[in-house]
Amino acid sequence: MRRAGGVLAAGLTVAATVLPAAADPLESFGTGMKYGLPLAAAVCAADQGRFEDFAVRGALQAGLVLALKHFYGDAPIGRRPSGEGRGFPSGHAAAAAFGAADLAGKCFDDQPWAGAAAYGAAGLAAYSRVHAGEHTPKQVWTGALIGFSFGAASFGIGKDGADFSVGLKF
């Protein structure tokens, strides 16, 4: 991937500018990665000429998360630790995992350390939601699995055939 380090740095820089100054650092990091990882992946996808595939997968991932939040609403699995509803699955974990999986599998395929860093950042973003008391571990794991699945996939829009790549080739 050309400019792999620059793509990740650009996404992280933009994410840092949208964070509130007084928030818990881990929670701020998680919120930043919710936006920063998918943004970095979008820049990479556009650079590689696969933005349409990326956008379709991203929209489907977000739509599935929102549909599940609506469907489970106030059901026991949907209740947040605070007692509020619409917590299943974690949208932060899904978005961060989506961005990380796309970056690792398609942008950093020749740089396993960068893919590992993206997955690590997504893992911290997911953990931050449990740490903040916004989600249960089950809600976070489900969100991360949804995001990872759509991020690692490729529907083949604009190229020959679909595939699934998680990156981290050592």
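Guide: Glycine 30 counts as buried because its relative accessible area is 0%, and the cut-off for buried is under 20%. The model in which this is seen is a predicted one. Glycine 30 belongs to helix 2. Along the chain, 91 residues separate glycine 30 from alanine 121, yet the C-alpha atoms of the two are 8.1 Å apart.

Now to the surface. Phe29, together with Leu124 and Tyr127, makes up a nonpolar surface patch. The accessible area of these three residues together is about 280 Å². Tyrosine 127 lies in helix 5, which runs over residues 112-131. Tyrosine 127 has a relative accessibility of 47%, so it is classed as partly exposed.

The largest nonpolar core has 27 residues, and within it Leu37 and Leu103 touch the most other members. Two or more residues of this core come from each of helix 2 (25-47), helix 3 (51-72), helix 4 (91-107), helix 5 and helix 6 (137-152). Helix 4 gives the largest share, eight residues. There is also a second, separate core of five residues, among them Ala97, Ala126, Val140 and Ala144.

Helix 3 can be examined by its length and by its sides. With 22 residues at 1.5 Å a residue, helix 3 should span 32 Å, and the 31 Å between its end C-alpha atoms agrees with that. The buried residues in helix 3 include Asp53, Phe54, Arg57, Gly58, Gln61, Val65 and Lys69. Because these residues cover an arc of only 135 degrees around the axis, they sit on the same side of helix 3. On the face turned away from that buried side are the exposed residues Glu52, Ala59, Leu66, His70 and Phe71.

Last comes the chain as a whole. The protein chain contains six helices and two strands. Of the 170 residues in the protein chain, 45% are buried, and glycine 30 is one of the buried residues.

How values were computed. Residues numbered from 1 in each chain as written. Predicted model: local features only at pLDDT ≥ 70, side-chain atom pairs only at ≥ 80, totals over all residues. Heavy atoms only, no water. Patch = residues over 30% accessible without salt bridge, like charges linked within 9 Å, V, L, I, M, F, W, Y side chains within 5 Å. Areas by Shrake-Rupley, 256 points an atom, 1.4 Å probe, with all protein chains shown as cover. Salt bridge = Lys/Arg side-chain N within 4 Å of Asp/Glu carboxyl O. Helix = DSSP H or I, 4+ residues; strand = E, 2+ residues; numbered from the N terminus. Buried < 20%, exposed > 50% of the residue type's maximum accessible area, 1.4 Å probe, protein only. Core = buried A, V, L, I, M, F, W, Y, C linked by side-chain atoms within 4.5 Å. Expected span 1.5 Å × (residues − 1). Arc of directions from axis to C-beta.
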